Amino acid sequence: MTSSDAQQQVASRWTARHDVIVIGGGHNGLVCAALLAKSGRKVLVLEAASEFGGGARTEELAPGFRVSSVAHLLNRLHPDVVKELDLEKHGLKFAPADAVPSVSLSAKDGPLTLTGAYGEGLVGASSAEAAAWKDLRAQLFRYAGILKPFLSRRPPDLRGKMSITETLALGQTVLALKKLGKEDMRDFLRVILMNVADLLDEQLTDNRLKGLLAFDAVLGSHLGPRSPTSLLGLYYRFAGEIGGAPGSQLVPKGGMGSVVAAIADAASKAGVVLRTDAPIIKILVENGRATGVVLENGEEIAATTVVSAADPSTTFLDLVGPRELDTGFVRKISNIRNHGDAAKLHLALDRLPEFAGVDAVGLKGRLVIAPSTDHVERAFNPSKYGEFSAEPVLEITLPSLADPSLAPDGACVLSAVVQYAPYRLREGWESGKPKFLKAIMGALEKHSPGIGKTVRHAELLTPADIEARYRMPGGHWHHGELQADQMLMSRPAFGAEGYSTPIDGLYLCGAGSHPGGGVSGAPGLNAARRIIAMERQS
């Protein structure tokens, strides 16, 4: 073989070069790709599955029934994502008026309802409790406002010289703390790392309200209400907003897939090349710099920049490989806690279920079975030992009420997040899943008698199922626990905390990077901004 033949053989392995390759077509990957394309770069998105969206897809559950895959509520889409991608022109429609209520179900005391943008109104409680909740809600939103700037932009660079923007952001945070006043500032520092149960016991008396807040604080994490730092979960929730209304949440028409479709359309119109069924097996690295990727079919694609929306463990340990990384960094990535503790239940029902005391407006919201803080804590305890609770806690939505096209006429779709479902069940999920489903249906029957008889089809996704179907190691929708030691500058690990990584030209933009999961688009937005800023400096 001549040298010319050899060069042609090597060249034939490569497709056309792109400026940027984005690994993963979840919403964060698409946001990052769209913004980079709008900045003038030639961008390619490679998605392993047959459709985009990851855990935010809308999928067929049974003939005529469609349901959101993992995420089923929109409560923190970054306003800059909506604005910069002009998502409303690409089919995304929502308004603060669409905010859904949160209903705390109690077989003993009847339902309690938070209305508006997470509890602007409180229905079903005493006037004294309503006043106490008004004060606590205002306090939580004030404190979340202090943390919000940290959750909406790249974390400060503590390893080098901070930019003017980062310095100003820290200065604004200090100023915001000062504006709280001495009493509020002392209280903020006192409660920021508290467990949520203690704070609720200090200020509230209604078990239904406390149970709902405790559930929301620990949703999606391996924490109970009495676990240290569990209050951070509420701050994270309250820092989000939809349509300019902090704390709002809604069930999007068309399911969560409609949000992804709008982002994908924006990306396509910006010039992004979108490919599905393109699993990647390797990120190519030469002399410490990412140069492209290798697909499962052997195809090699070159790029100046590679951006991974995959979880950090997959990105570094599988796609890059430990040989290209420092031993200490590999150890940090290997120690990321990413075992999910939440399952997802989908039911195709013959008819709309009835929940005692819940009116038509309440049924369009989120129904939470967490009647007290102690109930949530008792549900959490077995998961510490690889078991599930006989009385699980649930967040239930009936999305076909918001969009009748998701179910046949007269029928209904039920979608529920179920805590707690340990990733590694002691008895194994093969034998444990039917028992867990029976426990979940038992909890539903207490509040909606006869619902089991209306089930046409049921699907229960354990963390192990979520891992397999959506390529999320551990089945964790945040790609890693969202706790104090895995947030901000420590997310996903020191050395890769600001979307840049130890590999030149390789960046992160997924839920495993700051500020974490949820359908916010913030990791993708911040990563794109970081890449643009870095390339301007070079």
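Arg57, Glu59, Glu459 and Arg469 are joined in a network of salt bridges, where a salt bridge is a side-chain nitrogen of Lys or Arg within 4 Å of a carboxyl oxygen of Asp or Glu. This is a predicted model, with local features needing pLDDT of at least 70 and side-chain atom pairs counting only at pLDDT 80 or more, while totals for chains, interfaces and linings use all residues. Residues are numbered from 1 along each chain as its sequence is written, and side-chain values use heavy atoms, with hydrogens and water left out.

Let's zoom in on one link of that network. Arg469 pairs with Glu459, and their closest N and O atoms are 3.0 Å apart. Arg469 sits in helix 16 and Glu459 in strand 18 (residues 455-461), so this pair ties together parts that are 10 residues apart in sequence. Helices (H or I, at least four residues) and strands (E, at least two) are DSSP runs, numbered from the N terminus. Glu459 counts as buried at 18% relative accessibility, whereas Arg469 is partly exposed at 37%. For those labels, buried means under 20% relative accessible area, exposed over 50%, and partly exposed in between, using a 1.4 Å probe and protein chains only.

Helix 16 (residues 463-470) has another tie. Lys433 and Asp465 meet in a salt bridge, 2.8 Å from N to O. Lys433 belongs to helix 15 (residues 429-447) and Asp465 to helix 16, so the pair bridges parts that are 32 residues apart in sequence. Lys433 is partly exposed at 26% relative accessibility, and Asp465 is partly exposed at 23%.

Now for a pair with a longer stretch of sequence in between. Glu84 and Arg529 form a salt bridge with closest N and O atoms 2.6 Å apart. Glu84 lies in helix 3 (residues 79-84) and Arg529 in helix 17 (residues 522-537), so here the parts tied together are 445 residues apart in sequence. Glu84 is partly exposed at 32% relative accessibility, and so is Arg529 at 35%. Across the structure there are 21 salt bridges.

Just past helix 10, Gly271 adopts a positive phi of about 105 degrees.
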